[in-house]
Amino acid sequence: MIQNLRLLNDKYMSCPRILSGHPQNGFPTKAFGNDRSLFFAAKHKHFETSILFVLLFIFSLTSCAPRGERTPLLLISIDGFKPEYLEQHPTPNLHRLMQDGVLAEGMTPVFPSKTFPNHYSLVTGLYTENTGVIANNMYDPKSKEWFSLGNREAVMNANWYGGEPIWVTAEKQGVKAATMFWPGSEAPIKAVYATRWMPYDGNLPYSARVDSVIAWLSVQDTTRPDFLTLYFSGVDDYGHRYGPENKDSMAVAVGLVDSMIGYLLSELERVGWLGNINILVTSDHGMAQLSNERVILLDSIIDMDDVRMVDWNPVAMMYAKEGKLDAVYNALKKSESHYTVYKKEEIPEIYHVKNNDRVPDIMMVADVGYAITTKKMFDERGVGGGTHGYDNRSKEMQALFLAYGPAFKQGERIPTFQNIHVYELMCSLLGLKPAPNDGHPDSLRHVLR
Ligand SMILES: [Zn+2]
């Protein structure tokens, strides 16, 4: 922890101009490019301006210039960002990346379309049944331990994470990695951490996250990372609270993240990296609107004393207590409306989830837009604005994939693809030999120049 805090502070020394002109509290005041034009507008003489520009250019080359043979790769996650938001809300900075890069119509998440499973499949190229990260809440029958996002001990325990995330692949092959938050990055998977990583802190301002990435890229020694991550949660938070169809609220969250992309681009340009770094802007899943009219009250169907719940909504996972499996399953089957119930062995292969010990006896998958709850919980807090986790093939659950940088085609649009292929793409961009995975090396070759 101390070492990581020091790394965060080191940024202020590695590139002397890193503190200048960045927005406070995560709310930037200018979109991409405005800083520079305002700055130069204050200069009266063209000659002085030119000299200053040359000096700044030389400064950027000598102090924070791109070095090395490998083009760095920055993997960004905007949690819960639906591709539709790009059209529904002003997103000038993401549009700039779209214009000069590759945009997928959608990216199909793994099932269930939840945060931890999908972030982790993105960086391992594995389906959930092969990572073991089968939900945000899990029970492991072998270790008899529980996992939840708020359980710090579990989140930092490598035993929960199967496969090999890209930062481990990189470090094992001598390529340095730095993670500005990513599910799995806080655990020593295969006994390896990224050279730089941060314990998750949802309160860390977005601008500080961008500053860290810029600082890490500006390191002047062999620890400079060639693989980096950056994570923003606000769009998902607002999606849950207000629902994706609440245009005014979503515009606030989408606008903030877009402006942070703008800040990132202006900072990359300032330190001389723009045009020399490949950037993937992704999301883990989409978001569906909920309604108090679309509710499945589990306790009105089964006796809750007959089950032990592992996860709830919109994919309910449960163990039946001894001797109760058929009774619970039959009751759920009889009332099957706006959801589908499976015994473990009946879960469709296409979900690529069932062949894992952590999948319990019974799984209920709600129809998109429906919520699974109990009468008590519903009376207390309703169902909220939106959620995700549904059938990963549904339109509402599709995620964002946008690629920008020297490796990628310009102005290209590609059809929807499954997110397990991103790991192979990243390995190929970084010149790494991939670990065994479920993706295919050719699946995303068409995004490359
Ligand atoms: Zn998420």
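In helix H11, Gly234, Val235, Tyr238 and Tyr242 meet Ser249, Met250, Val252, Ala253, Val254, Leu256 and Val257 of helix H12. Meeting here is contact: two residues whose C-beta atoms, placed from the backbone, lie within 7 Å. Sorted by class, that contact has nine nonpolar, two polar and no charged residues. The classes go like this: Ala, Val, Leu, Ile, Met, Phe, Trp, Tyr, Cys and Pro are nonpolar, Asp, Glu, Lys and Arg are charged, and the others, Gly among them, are polar.

Before going on, a word on the source. This is a predicted model, in which local features need pLDDT of at least 70, side-chain atom pairs count only at pLDDT 80 or more, and totals for chains, interfaces and linings use all residues. Residues are numbered from 1 along each chain as its sequence is written.

The protein chain has 15 helices and 20 strands. Those are DSSP runs numbered from the N terminus, with helices (H or I) of at least four residues and strands (E) of at least two. Among contacts with a separation of 6 or more, 76% come from residues 24 or more positions apart.

**Helices around H12**

| Helix pair | Angle | Axis distance |
|---|---|---|
| H11 (residues 234-242) and H12 | about 175° | 9 Å |
| H5 (residues 92-100) and H12 (residues 247-270) | about 60° | 7 Å |

The axes are lines fitted to C-alpha atoms, for helices over the stretch in contact, and angles run from 0 to 180 degrees between N-to-C directions. H11 and H12 are therefore roughly antiparallel, while H5 is oblique to H12. The cut-offs: under 35 degrees is roughly parallel, over 145 roughly antiparallel, 65 to 115 roughly perpendicular, and the rest oblique. On the H5 side, Pro92, Asn93 and Leu94 meet Asp258, Ser259, Ile261, Gly262 and Leu265 in H12. That contact of H5 with H12 splits into four nonpolar, three polar and one charged residues.

**The eight-stranded sheet**

An open sheet of eight strands runs in the order E7-E6-E8-E1-E9-E18-E2-E19, with mixed pairing. Two strands pair if DSSP finds at least two bridges between them. E7 and E19 (412-414) are at the edges with a single partner strand each, so one side of each has no neighbour in the sheet.

Strand E6 (residues 177-180) runs parallel to E8 (residues 227-232), joined by four bridges, and Met180 has Leu230 as its bridge partner in E8. E6 is also parallel to E7 (residues 196-197), through two bridges, with Ala178 opposite Arg196. Ala177 and Thr179 point one way from E6, Ala178 and Met180 the other way, and all are buried. Further along, E2 (residues 102-104) and E18 (residues 401-404) run antiparallel with two bridges, and Leu103 is partnered with Leu402.

**The four-stranded sheet**

The other open sheet to look at has four strands, ordered E12-E13-E15-E14 with antiparallel pairing. Its edge strands are E12 (307-311) and E14 (339-343), each pairing on one side only. On average, neighbouring strands of this sheet are turned by 25° against each other, direction ignored. E13 (residues 315-320) and E15 (residues 362-366) pair antiparallel over four bridges, and Met317 sits opposite Met363 in E15. Helix H13 (residues 325-334) lies across E12, E13, E14 and E15, running at about 160° to E14.

Conventions: Buried ≥ 20, exposed ≤ 12 C-beta atoms within 10 Å, placed from the backbone.
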